[in-house]
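Visitor: I'm new to reading protein models. Could you walk me through one, feature by feature?

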Number of protein chains: 2
Amino acid sequence: MEHLPNRITADLIESFKSIVGNEYFFADDESLLRYSRDETETLSFKPHVVLKPATSQEISAVLKICNEHQVPVTPRGAGTGLTGGALPHLGGVVISTERLNKILDIDERNLQVTTEPGVITEVLQRAVAEKSLFYPPDPASKGSCFIGGNISENSGGPRAVKYGVVKDYVLNLEVVLPTGEIIWTGANVLKNATGYNITQLVVGSEGTLGIVTKIVLRLIPLPKYDVLMLAPFANLEKACEAVSAIFRAGYTPSALELMEINALKVVSSMIDNHAMPVNDHTEAHLLIEVDGNDTDVLLKEMEQIAGVLEHFEAGELLLAEDAQQKEELWKLRRKVAEYVKLAGYTIEEDAVVPRAELPKLIRGLKVLGRQHDFDAVAYGHAGDGNLHIRIKKEGVPNSYQNPEMDTIVRELFALIKQLGGTISGEHGIGLIQKGFMDIVFEERQLQIMREIKKVFDPNNILNAGKIFD
Amino acid sequence: MEHLPNRITADLIESFKSIVGNEYFFADDESLLRYSRDETETLSFKPHVVLKPATSQEISAVLKICNEHQVPVTPRGAGTGLTGGALPHLGGVVISTERLNKILDIDERNLQVTTEPGVITEVLQRAVAEKSLFYPPDPASKGSCFIGGNISENSGGPRAVKYGVVKDYVLNLEVVLPTGEIIWTGANVLKNATGYNITQLVVGSEGTLGIVTKIVLRLIPLPKYDVLMLAPFANLEKACEAVSAIFRAGYTPSALELMEINALKVVSSMIDNHAMPVNDHTEAHLLIEVDGNDTDVLLKEMEQIAGVLEHFEAGELLLAEDAQQKEELWKLRRKVAEYVKLAGYTIEEDAVVPRAELPKLIRGLKVLGRQHDFDAVAYGHAGDGNLHIRIKKEGVPNSYQNPEMDTIVRELFALIKQLGGTISGEHGIGLIQKGFMDIVFEERQLQIMREIKKVFDPNNILNAGKIFD
């Protein structure tokens, strides 16, 4: 699709203003710049206008007009995405969901919450926790990302290893289609065998099939206690081997995170890190959490997990003593991405493999780094086989449309595919990974996805050029 | 679509024989009769031929021919379906998956199993349990149904209340498309944000989008112990209220089943039932199971659940004493459907509502029964809000294309919709419920489903006329 600035005529601008109100229409430079970026590498693409509607009906009215006039529309949550899903690379209209920010109903009788998409994930989690309810998915950006963005990317986070990802909690969605109709995808029930699963088709579709405007999530009882342990390993591959051994021994931790020491070294050089020791005898840490309703049981379980770790040359284990120490450890883990990006590791891959293949992934990554002269640090959700790989290569801040990085990423992704994995576990494909979809899918699968896109969006106006061309 | 016997020419028959082998081609009366039925009401529709291919490649070759010649194809698992998904109502070819019956790989390192679709669900569960692994979904028919059919219907069962349904375990599928291509839908990983979720689109699509030929399921560690309790209630609605109170108190049982006393009376009149007492002071039983790795914890949890039940006028609680008593209780629960069907309750609905609405559903059902002069018994997965309602009406063995039943079912489904529920929790829509899809979906949603069907099956040959017209 060509760049289409001229389609946004003065008439259209008047229509947009009359729909959302003058004060929620933006075309000033500062706004356009702000909405030109998200957390993806160092990319920036300015839209022509930014709209901040307040209701599904306003979004519907805007989409009807854009569909009629074939104006590109990019939906946007909090802009914390890492693959460019919210970047308006074709210009046009950005629709921000930030004003759809109300939790509509916490249904304690049925353990469900109905929310608008512009609610910050952690705000939602706290609101339901006050009623002893639990919404587990907790991306590292939970303090700033929107629940709507989480739906679009099928986000995960540390607790996914026990509790599953976003898709496992979505019961029903109100969606404004690119053609303007407003539909509900399912029903507010725990089991559903009523026609095709349109709900799950929209989850993870990265804002290409519709704009989600209401979300019904199932909740579970909030576990009362958790126990957190930090385990250092002299050998990174042994740490990875320990991960699958824990599950094979019959334990399912509520988090099982890996941090390579190089990532911690970067962070420690930037802030005072006392939480996780960094020394020459350590190549990686595992952060292991178990949760439940009985502390004695949890402590016993953690002791048994510690027994498993012995076989993998774990160093001295640190059991977090209180809530503050737990929070320090978690905060450091969550901040890793931000700090290593600041330190120049601007390119991120979101590898996921069957968890027992992690050692091979790590080994292959090191070989690639030596061959192609780049630094990489790995950290993330080892329990799920999902590792975030941050890459720093002098003079190359972006992978998108960079031939040198293209070669490197292709080799890495080919390895991931060979190990039975895929190229995104929780960050999506968006703009920057779409060129690599041919590594994991054949043309027929991609054709099916493109045709499904056409079913929802015949004029290809909504987040066009994302996931696939 | 018209009835198409004549499209199956002598030439086509020769092609089919050469693909699957003479001995796996059937057109004799006995075979056609056997494959004319499943467990749906008392319906029967004969196909013209039955094929029993052994591989994806053979299925692909058959589908290519049928697609070219526009011959209707009905895929079939074990024939235990309850909504006519496997009924060849347009004649044509039945493709049975019974020879694709091998468990291909139990991957203990990654807690995954790869299987063909024609494996009996319980056989699969036992095979992985031998390695201390757990595949939780356990439909009542688990001793005879195929795992492939479970994928098609997105089956559940008692354990869904804690562990989720089939869709929560499917990682990746090999599917033969109606046009003959063989694709994999995803990857063998626990988290996946790589393009549209084609895997979840195929799960629950009732054999209309493709024929599933290989299935990769995630497994979890097998819980070591369980505790089972039977709780009688003098009042059915109180029993329903107790169900949601258990969750609100913070407990998630591994099963929470309801049986209305009328269902048990029917069963008791047919077999010696000593497991569940039937008397005039009891309107319903709840069967409650908790599972985990520590019996002391489980007994404590069950005691606390018993405390919750006190507030709902539960009678004398029976804790199953040994494995044999547990098996008796479960066997009786699983056999209810079969016996009440034999007793003339041939029409089944698969209602699902938010669980706190169960009392209203039960109350509404009783009112309808009095208004329209039918007997109904209810039982099933109360913890999920999913109740099976079996209906007996003199002289009306089938709901399909029966105007009298149409009125009744419409009223019942309208109530379910009004309670926030939907018309199938785990049995699917198939043939007999498709006429009611307008109650839960507007035309636009149905249009999306129809167009998705077209993406996969442009000539509408595969299980056409199921789910929607």
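Visitor: Is B:Glu116 buried or exposed?

Guide: Buried means under 20% relative accessible area, exposed means over 50%, and partly exposed is in between (1.4 Å probe, protein chains only). B:Glu116 has 7% relative accessibility, so B:Glu116 counts as buried. Before we go on: this is a predicted model, where local features need pLDDT of at least 70, side-chain atom pairs count only at pLDDT 80 or more, and totals for chains, interfaces and linings use all residues. Residues are numbered from 1 along each chain as its sequence is written, chains are lettered from A and ligands numbered from 1 in the order in which they are written, and side-chain values use heavy atoms, with hydrogens and water left out.

Visitor: Which side chain meets B:Glu116 in a salt bridge?

Guide: A salt bridge is a side-chain nitrogen of Lys or Arg within 4 Å of a carboxyl oxygen of Asp or Glu. Here the partner is B:Lys102, at 3.4 Å from N to O. B:Glu116 sits in the loop between strand 6 (112-115) and helix 4 (121-129) of chain B, and B:Lys102 in the loop between strand 4 (93-96) and strand 5 (103-107), so the pair ties together parts 14 residues apart in sequence. Helices (H or I, at least four residues) and strands (E, at least two) are DSSP runs, numbered from the N terminus. B:Lys102 is partly exposed, with a relative accessible area of 43%.

Visitor: What does A:Ser399 touch?

Guide: Contact means heavy atoms within 4.5 Å. Leaving out residues up to four places away in sequence, A:Ser399 touches A:Glu41, A:Ile347, A:Met405 and A:Ile432. A:Ser399 is in the loop between strand 18 (386-392) and helix 13 (403-418) of chain A, and is buried at 6% relative accessibility.

Visitor: Which side chain makes a polar contact with that of A:Ser399?

Guide: A polar contact is a pair of N or O atoms within 3.5 Å; within protein, one must be able to donate a hydrogen and the other to accept it, and residues adjacent in sequence count only if both atoms are side-chain atoms. For A:Ser399, the partner is A:Glu41, at 2.6 Å.

Visitor: How much area do chain B and chain A bury between them?

Guide: Buried area is the accessible area (1.4 Å probe) that two parts lose on being put together, summed over both. These chains bury about 6,300 Å², 58% of it on carbon and sulfur atoms. On the chain B side, B:Lys191, B:Thr194 and B:Tyr196 lose the most area to chain A, together 15% of what that side buries. In contact terms, 83 residues of chain B meet 83 residues of chain A.

Visitor: How many salt bridges cross that interface?

Guide: The rule finds 10. B:Glu181, for instance, forms a salt bridge with A:Arg444, the closest N and O atoms being 2.9 Å apart.
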